[in-house]
Amino acid sequence: MQIRVLLVFSFLAQIAACGGTEGSLDSGPDSILPNGIVEQEGCNGTTLLAGSQPFSEAGPWPVGARTVQIGDLIGEVWYPSELDSTRDMNRVVYDIRKQLDPEEGEKISDDQNPWHICDCFRGAPLDTARGKYPVIVFVHGTAGFRHQSLSFMTHWASYGFVVAALDHPGLKLGDMLAFRLEQNLQSDVDSLVRALDDPSGDLAFLSGSIDM
């Protein structure tokens, strides 16, 4: 399945250079938090977290998730949440049947359903004490959906990124199976970026906390 990731690797390089990673900065940590997490100053006065874990493991932040409406489009946002805020929360489980037309989804039993378990927590509070956070816009591939690549989404968010993805009409799973193929990816992405530039409505919780 093809995927396109926008605005990703240059941000990863910037975070690596500015302290949102394993290791330490020449300037030294601002404070040492529980579990070996270090609070450090990043680029442009941002405050980030660093841990001793390798990049192959999750980063220092727990990950929150919210489903958002942007015009007629349905999206999902994954983000760094407050430390220890998810201790008593259950992980999000996405039901892929909802990506199908209802009459098709009803044909799949709970036992047969490939439940999509996320290392993230619905509505967990955004860590507003740190940031601002760079933004990753994820575009799913043919017959995909906004949460198709959860391990990427949560991994990036755990290292201090806000990750936003849409279900793209005409390209998403249910539409492809029903041969509804009319699509306008550029318009979809433009709408998402405009909404992130001036967060309001379902995205209002990001206001003042993201760096576009």
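Here are some notes on this predicted model, point by point.

1. **The overall picture.** Start with the chain as a whole: it has five helices and 11 strands. Out of 212 residues, 50% count as buried. The chain exposes about 10700 Å², and carbon and sulfur atoms supply 49% of that area. Take the contacts between residues at least 6 apart in sequence: 67% of them join residues at least 24 apart.

2. **The largest core.** Next, have a look inside. The largest nonpolar core has 29 residues, and the ones touching the most other members are Val77, Val162, Leu196, Leu203 and Leu206. Two or more residues each come from β4, β5, β6 (73-80), β9 (133-139), β10 (162-166) and α5 (185-197). The largest share is five residues, given by α5.

3. **A second core.** There is also a separate core of 17 residues, with Cys118, Met153, Trp156 and Val163 among them.

4. **Helix α3.** This helix covers residues 150-158, and its buried residues are Leu150, Met153, Thr154, Trp156, Ala157 and Ser158. A handy thing to remember here is that an α-helix has 3.6 residues a turn, so residues three or four places apart point the same way. Met153 and Trp156 are the two you already met in the second core. Just after α3 comes Gly160, with a positive phi of about 100°.

5. **Gln53, a polar residue to check.** Is Gln53 buried or exposed? Its relative accessible area is 14%, and the cut-off for buried is under 20%, so Gln53 counts as buried. You'll find Gln53 in the loop that runs between β4 (47-50) and β5 (63-70). The Gln53 side chain makes a polar contact with the side chain of Tyr159, at 3.4 Å.

6. **A nonpolar patch on the surface.** Now turn to the outside. Val93, Trp115 and Ile117 form a nonpolar patch there, and together they have about 310 Å² of accessible area. Trp115 sits in the loop between α2 (102-105) and β8 (116-122).

Notes:
Residues numbered from 1 in each chain as written. Predicted model: local features only at pLDDT ≥ 70, side-chain atom pairs only at ≥ 80, totals over all residues. Heavy atoms only, no water. Buried < 20%, exposed > 50% of the residue type's maximum accessible area, 1.4 Å probe, protein only. Helix = DSSP H or I, 4+ residues; strand = E, 2+ residues; numbered from the N terminus. Polar contact = N/O pair within 3.5 Å; in protein donor to acceptor, adjacent residues only side chain to side chain. Patch = residues over 30% accessible without salt bridge, like charges linked within 9 Å, V, L, I, M, F, W, Y side chains within 5 Å. Areas by Shrake-Rupley, 256 points an atom, 1.4 Å probe, with all protein chains shown as cover. Salt bridge = Lys/Arg side-chain N within 4 Å of Asp/Glu carboxyl O. Core = buried A, V, L, I, M, F, W, Y, C linked by side-chain atoms within 4.5 Å. Contact = heavy atoms within 4.5 Å.
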